[in-house]
Structures are given as C-alpha cells and as structure tokens.
Amino acid sequence: MADGPVDHSGSAPGNVMARLERPRSDERTRIAVIADPHVSTREEGTSKLFEHTEAHLASAVSDINDRDIDYTLCVGDITKDGERWNYDAADEILADLETPFRSVPGNHDVFKEGYDHENLPLSAFEERYTPDGELPFHERVGGVDVVGLNSSGGDDWLTDSHDGLVPEDQLEWLDETLPELDNPLIAVHHNLPTMSEQLVQHRDNNEPEMAIPPTLREPEAFLDVLEKHDAPLVVTGHLHLPSATSERGVREIMSPTTCSFPQSYLVFDVGPDGTEVRLIPVADHTGMMIGHYERHTDSYTGKGLTDMAAVRLAQFPLVDES
C-alpha cells in the first residue's frame, strides 16, 4: 500500500494533456518540450523556486533519457535573466541529455534595459541552441518539421519591454518556409491572443488584483501567416501553466514550467493517428506541495496562475480530437 496519495509503482508517471489530429506522421517521433527552466545559481525563493531550478531541470533531463525521446525543445527562459553564469549552469545539466537540444529565447533570456549584469548576446544564444547558429530555424526530426521563432527580442530590439513580437523579417521567412514543410511544429515563447485572454477571463471572474503578464504585439500578422499555410500546431511557454487554445484554425499547446507549480515538461508523441501530448512531473509529491504553496502565496498573480493550473490539471485531457 502506498504511504501517500500518489503511487506510481509499476508505471511511468504522466497524464494525457491532449490528443490532436495533427501533426501526424507515418514515422513515429517523440519530442520533449521544456518551458521556462529559469535556471539560477545565485538566487533563491519566489514562486519560481530558484534554489530548486537546477534540480528540476536535471530531473527533466534524467526522465527524458529514460523515455526513448528523439529530440528536446525548449520554448524559452532557460535562465533567470540571461546571466552568462546561469547559461553555463544550464549547459552543464543539459550536457547529460542524450537527445539533441534546441531552444528559442524567452523574454528573460535576452537583454532588457535596466539589467545590472552582462547578458549573453543573442548571437551566442543562437550558436549554442539552434541547429545552424541562427534564428529563425527549421530542423527535420523524424516525421516532424520543427520550426523555431524568436518573439522575445535581441541585443537591440524589444529591449524596453518583456512583450513579444514576431517581426516582419521572421514572418517573411515563415511565409516562404511553411509551404515546403510536411508536419510543422512551431516553437515560440509568447502566446496567441486567445491564450492570453484566458488570463483576462480568470482575472475578471476570480482574481481582480491579478496582473496580466506581457503579451504578443501585432499578433494578427503572425496569425495571418499561420492561417494561410494551415499550420497545425504552435507550442509556447511563458505563462508557467498547462493550457490549450485554438485561434483561426491554429492549435496552441502551452507547456508548464519546470521551475514552479506544476513542475513538469511535455512529451509530444507524433504518429500515424495524430499527436498525443503527455505532461510529465519533475518533482515528487512533497515538491509539488511546496511549489503549489510558494506560488499560491507569492502574489495575486501567482495565486491566479496557480488556480488556473489546478483547474486545468483536473480537466485533462484539455483537447481530445481522437
């Protein structure tokens, strides 16, 4: 008999978050998606549980190595705030990963005005975490075409805000690239408007003091390109909770963070029948209780996001197109 309320003996943990019709491929492909690790070696506390970020990322790496994963993709915020030493700490953990690792930048990975430390330049981020040393990128992985976009900014653009933007040059590249791809999975840090609207609805209905995190600027131009080419799936992070939405026929799956409740990553299993998305915890029951408490008591915004996460976890799967 189990000693507590959770007993995973005899089976691998994880719950089905979504079953999607697309993408689908005759060649089964498994992609792990990590979001918002926020690795920090010199800070502690806050709802991000900075003192546990290295352990949480290491737990994800260890679990990925045991799951026959083909590829690991991060949708941004590898570090607390783009510090070189935190990138080095993350890379030391990621060195144990047995799959290729790629990432798009998050708003906390790139330079923002007011930082009192030397940020890792965007060119160095690209060299470390993209297949050809540049963004945007496309890489074929088994039966999936992984596309990475930068919505977060760089050394000389979007430095005055944590908002997101997919700029015109990337939209032109995407417009030219998507027609050549069979099964695109598009990774970008910031969310589509209907995903952000979920927070507004929660605030208005449940948590009036809740702040809305930075959103995507000029999203309609981005959606125009996605809709034009019938893009099946966009994968995001940023809001630190699992959720799903669909806008103008474009499906978005948002990955929770490894750093705070519900400390987890996602596995996308793409096959002939479509894509199954499974949420995998990176903390045990005690760690989840700590994560829930710290986030829930951190602020009105932390409480709101924690409540949203708990409601969604209780309603899995969030999407079932099977």
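E43 is found in the loop between β2 (29-34) and α1 (53-65); helices (H or I, at least four residues) and strands (E, at least two) are DSSP runs numbered from the N terminus. The model is predicted, so local features need pLDDT of at least 70 and side-chain atom pairs count only at pLDDT 80 or more, while totals for chains, interfaces and linings use all residues. Residues are numbered from 1 along each chain as its sequence is written, and side-chain values use heavy atoms, with hydrogens and water left out.

E43 is partly exposed, with a relative accessible area of 40% (buried means under 20%, exposed over 50%, and partly exposed in between, with a 1.4 Å probe and protein chains only). Together with E44, E51, E294 and D298, E43 forms a negative surface patch. Patches are made of residues with over 30% relative accessible area and no salt bridge, like charges being joined within 9 Å and nonpolar side chains (Val, Leu, Ile, Met, Phe, Trp, Tyr) within 5 Å. Asp and Glu count as negative, and the place of a charge is taken as CG of Asp or CD of Glu.

H38 is also found in the loop between β2 and α1, but is buried, with a relative accessible area of 1%. The side chain of H38 makes a polar contact with the side chain of H240 at 3.3 Å. A polar contact is a pair of N or O atoms within 3.5 Å; within protein, one must be able to donate a hydrogen and the other to accept it, and residues adjacent in sequence count only if both atoms are side-chain atoms. A polar atom of the H38 side chain also lies 3.2 Å from the backbone oxygen of T79. Phi of H38 is near 50°, a positive value in a residue other than glycine. H238, likewise not a glycine, has a positive phi of about 80°. H238 lies in the loop between β10 (233-236) and β11 (243-247) and is buried at a relative accessible area of 8%.

Two cis peptide bonds may be described next. R22 and P23 are joined by a cis peptide bond with omega about -5°, and P23 is found in the loop between β1 (15-20) and β2. The peptide bond from F261 to P262 is cis with omega near 0°; P262 lies in the loop between β12 (250-254) and β13 (264-271). A further proline, P232, lies in the loop between α6 (219-228) and β10 and counts as buried at 9% relative accessibility.

A search of the whole structure finds 22 salt bridges, each being a side-chain nitrogen of Lys or Arg within 4 Å of a carboxyl oxygen of Asp or Glu. In the salt bridge of R19 with D320, the closest N and O atoms are 3.1 Å apart. This pair links distant parts of the chain, 301 residues apart, with R19 in strand β1 and D320 in strand β15 (residues 319-320). R22 forms a salt bridge with D230, again with closest N and O atoms 3.1 Å apart. R22 lies in the loop between β1 and β2 and D230 in the loop between α6 and β10, so this pair ties together parts that are 208 residues apart in sequence. E220, D224, E227 and R248 are linked in a network of salt bridges.

Methods:
Accessible areas come from the Shrake-Rupley method with a 1.4 Å probe; for residues, only the protein chains shown count as cover.
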